[in-house]
Every structure is written in C-alpha cells, then in structure tokens.
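Hello,

Here is the structure I promised to pass on to you. Please open it alongside this message, and my notes follow below.

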Amino acid sequence: MAEIRLQNLAHSYAERPVGPQDYAIREMDHVWEQGGAYALLGPSGCGKSTLLNIISGLLSPSEGKVLFDSREVNRLTPEQRNIAQVFQFPVVYDTMTVFDNLAFPLRNQGLAETRVTSKVNEVAEVLDLQRVLSRKARNLTADEKQKVSMGRGLVRDDVSAILFDEPLTVIDPHLKWKLRRKLKQIHEQFNITMIYVTHDQLEASTFADKIAVMHGGQIVQFGTPRELFERPRHTFVGFFVGSPGMNLIEVKAEQGGVGFGEQHLPLPEGLRRQLPALVGKRLQIGIRPEFVHVADEPCAGAMQAEAVRLEDLGTYKILSFRLQGHLLKARLPEEQTLARDVVWVSFPAQWLMLYADDLLVEAQS
Ligand SMILES: Nc1ncnc2c1ncn2[C@@H]1O[C@H](COP(=O)(O)OP(=O)(O)OP(=O)(O)O)[C@@H](O)[C@H]1O
C-alpha cells in the first residue's frame, strides 16, 4: 500500500509538443493518500486513462515524477510498482477454472497453497463467485468474467494500489449498483488505495470518498461528492456534476454587485470587495437548479421570469425558465404547482457562486 504523489507531471503523446493543446495531461501536482477510495471523473478524452496508465506504469510520463511513498517509480513496470489494474473488458485465462484464475497472482508470488485457498475463498465470497469456482472461465457470462478480473485485482493484500478503468462497462445495468456497493465494501474491508476511473458521476460518488474531476488534461477539483455539489471550484464541475448541471450566466461588474441584461443582482459584501481585482476577467455567476427559489407571487429580492416548461420527473419537477434571455433551470418539490407563466425567482446568497475566468471567486473576509 502506498501514498501516490504526482509531481510537476505532464504528458504529451506528441514527440515535440509546442503548446498546451499538445498535452493529454497538463502540468499537475496531486497526492492520492494511502488507503483512500478515489474516483477520477471526467468526459471522454479528458485524459483519465492516460493519467491512470501513468500511475500504473503502463505509460511513462514525458515530464515530471510519479512517487510511491516518496520513491520515484517513473521507470518501473506495473509489476515492479506492485499495482493491480482492472480494465473495461475482462482479462481472464479462458482455459483455467475460476479458482485458478483467482489463485494465479498468489501462486506467482509463491504463496503456500493453504493460504492461496483461503484468500481465493475470501474474495470469491465477497464477489459471489463461490458457485462457479470450479467452472472454466470460458463458460462464464460477461458479468462473471469481469467479476473474476476484479477478483484477481483484489486477491493480493500487498498491492500498492488497485486501479479500475471503467470496470462496470460490460456489466448488466441491474448488477452495476450491486457491484459498486460491493467494491466500496471491499475497500472498507481491505483498506487498499483504490482509484476508480469513470465518466459517470453516480458511479464516482457511490464508490469514492473523494473525487478528482478532470477537464482538458487537468484535475480541476478534488473533493468530496458534497463539496463538488455545493462549492464547484470550476465552472466545468458545476456543469458536469449534478443533473441538470449548474446554471451559469455571464455577468458584468456593477456598483454593489453584478448585472446581466436589465437585471442587477446584489452580491454579498465579501464578493463585492473582490470585484475591483477581477477587472478584465470573464465573470459568471453560478447557481444550482436545486437552490433556485421559485414563487408564484412577487417577493423581496425576487426577479421576474418566464416559465417555459415544467417537467414532472416523479419525485421532483424541473422548471425551465427564461430570465433576461437566459434559459435556466430550477428543481421544484413534487408538490409545487405554478399558476401562471410568470414566476419570481431568487438566488439565495449562500448558494450563489461567482466565477472569474471559470475559477470560483472566494469571498474576502
Ligand atoms: N496512444 C495515443 N496516442 C496519441 N494520442 C492519444 C493516445 N491515447 C490518448 N490520446 C489522446 O489523449 C487525450 C486523452 O485521452 P484519454 O484516453 O486519456 O482520455 P479519457 O478521458 O480516458 O477518454 P476515454 O474515456 O474516451 O478513454 C485525447 O485527446 C486522446 O485522443
């Protein structure tokens, strides 16, 4: 088990990179603490697999260092780093039994056969594979094969870390939830550093204690699922995490707050004080649909808007409304009804975020 530190790390697949656009990973420093359950979340092409392969040793970074417990491992193979990796598609030995597949990494290490048997049984029980232990792997379903792949990663308790690259892609949807919970349970039981790559925020937040959100080859925020939801530090996190994503409106600085269209929006004192320092930057305000307050009648501080569509999603409703030409969303409780097309919306100060060039502006105390 190890603490994994990335130091001034960057990677370009190009032989002679000339600018940031040539980098799949842009310079970053990051620490994965020993024993943590982490997710690496981001859309296709943001650099997740590249980063995972650099950590595992399948790929050598073009710049910077990978340190395991302060020891540089840049030139070491995955075996030498003692990393277990579970890929999107199952990697199993078809002609071996499930038992022998699970035992393989342990026998390779020269473990005594009694210890092999007890470890294999322990992992098979966690993954519900006891029934198929004596079956040849080729006769298994895709789900079962992927469980065997996972089991091979989990069977050794001396690994530095286990890396999962979208491991549930081939798993039947109704089994996905069960397996995600299982992985979490395994993490609690074995206390191994685990990094789980996914583009699915639900998968990330059910598995991980902390999520690294990747965008354009960088980790734009590293935080708990709650932090990502309540205080997105980058507009991309606001937009990508949450369903629907955060409402973002481009604004200009004004006396006492910000403005968009004809609308003036006062800002809390701490943010107002920051405005002079932000001259020349692109300003946006952000508010999650869950925090927009919507009323039928005018009320203090509320802005008049046009209700465009109300979708009933069973346990809540999503209102699309137009405010000063911006189409925005609000999440309403299931029981809320709207009498007219005109609504009054307000953005509670504690949930209103201000972004300058896409980065969260912290209030000045
Ligand atoms: N072997 C390669 N050679 C050149 N460019 C590559 C190579 N592998 C990935 N890239 C590029 O690097 C960038 C990051 O790709 P990467 O596969 O790491 O992203 P990802 O977030 O894992 O996406 P996906 O989920 O689609 O795999 C992309 O622009 C991709 O085209």
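Below is what I found when going through it.

Please keep in mind that this is a predicted model. Confidence is given by a mean pLDDT of 94 for the protein chain, with 100% of its residues at 70 or more. The scores for the model are ipTM 0.97 and pTM 0.92.

On the overall layout, the protein chain splits into domain 1, covering 4-232, and domain 2, covering 243-360. Between the C-alpha centres of domain 1 and domain 2 there are 39 Å. UniProt, in an unreviewed entry, lists residues 4-241 as "domain: ABC transporter".

Next, the ligand. Which residues surround it? They are Y13, A24, G42, S44, G45, C46, G47, K48, S49, T50 and H199. By type, this shell consists of seven polar residues, three nonpolar and one charged.

K48, S49 and T50 from that list also bring us to helix α1, which spans residues 48-56. Is α1 mostly covered or mostly open? It is mostly covered, as seven of its nine residues are buried. The buried ones are K48, T50, L51, L52, I54, I55 and S56, so K48 and T50 are both buried in α1 and part of the ligand's surroundings. Just past the end of α1, G57 has a positive phi of about 105 degrees.

I hope you enjoy looking through it!

Best wishes

Methods: Residues numbered from 1 in each chain as written. Predicted model: local features only at pLDDT ≥ 70, side-chain atom pairs only at ≥ 80, totals over all residues. Domains from an automatic or database assignment. Near = placed C-beta within 6 Å. Nonpolar A, V, L, I, M, F, W, Y, C, P; charged D, E, K, R; others polar. pLDDT = per-residue confidence, 0-100. Buried ≥ 20, exposed ≤ 12 C-beta atoms within 10 Å, placed from the backbone. Helix = DSSP H or I, 4+ residues; strand = E, 2+ residues; numbered from the N terminus. UniProt positions renumbered as here; feature names shortened; annotations may be inferred.
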